[in-house]
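User: I have a few questions about the terms used for this model. Please set each value against its definition.
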Amino acid sequence: TYIIAEPCVDVLDKACVEECPVDCIYEGNRMLYIQPDECVDCGACEPVCPVEAIFYEDDVPDEWEPYVSANADFFDDLGSPGGASKVGKTDLDAAFIKGLPPMNS
Ligand code: F3S
Ligand code: F3S
């Protein structure tokens, strides 16, 4: 799967959402998250993010390793809804992400 990391926080550009053929990029309050079971690893989202927040799971920089589990844990309650557009924004960001200072400088 692909992973979204900290550069997305408070940016939420959503260019990635437009590219994803399976609508598997879901919105939290601070950033977006990729549903690992729904992602088909097409790679279409990665190059379009203006802040380079998206990585293949094996290529996530060490400093953003917590975002690998944060992307998975976002779906503990949501499960696999089969499409982000019908779910909309949900307040399920991980606690450490909720606690980040505002990033929209
Ligand atoms: Fe975030 Fe980049 Fe998508 S800022 S919403 S990962 S295009
Ligand atoms: Fe979607 Fe392909 Fe990215 S399935 S999340 S656009 S790798």
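Predicted model: local features only at pLDDT ≥ 70, side-chain atom pairs only at ≥ 80, totals over all residues.
User: What makes residues of helix H2 (residues 66–73) count as buried, and which are they?

Analyst: The buried residues of H2 are Tyr67, Ala70 and Asn71. Buried means that 20 or more other C-beta atoms lie within 10 Å of the residue's own; 12 or fewer is exposed, in between is partly exposed, and C-beta atoms are placed from the backbone. Residues are numbered from 1 along each chain as its sequence is written, and chains are lettered from A and ligands numbered from 1 in the order in which they are written.

User: What do the buried residues of H2 pack against?

Analyst: They pack against strand S1 (2–4), strand S3 (32–34) and helix H4 (95–98). Contact here means C-beta atoms, placed from the backbone, within 7 Å.

User: What makes a set of residues a nonpolar core, and which members touch the most others?

Analyst: A core is a set of buried Ala, Val, Leu, Ile, Met, Phe, Trp, Tyr and Cys residues joined through C-beta atoms within 7 Å. The largest one has 24 residues; Ile4, Ile25 and Leu32 touch the most other members. S1, strand S2 (25–27), S3 and H2 each give two or more residues to this core. Leaving aside neighbours within four places in sequence, Ile25 is in contact with residues including Cys16, Leu32 and Ala84.

User: Why does the radius of gyration agree with a compact globule?

Analyst: The rule is 2.2 Å times the number of residues to the power 0.38, with the radius taken over C-alpha atoms. For 105 residues a compact globule would have a radius near 13 Å; the protein has 12 Å, so the value agrees. The C-alpha trace spans about 30 × 25 × 25 Å along its principal axes.

User: Which residues come nearest to ligand 1?

Analyst: Cys8, Asp13, Cys16, Cys49 and Ala53, of 13 around ligand 1. Near means a C-beta atom, placed from the backbone, within 6 Å.

Technical notes. Helix = DSSP H or I, 4+ residues; strand = E, 2+ residues; numbered from the N terminus. Contact = placed C-beta atoms within 7 Å.
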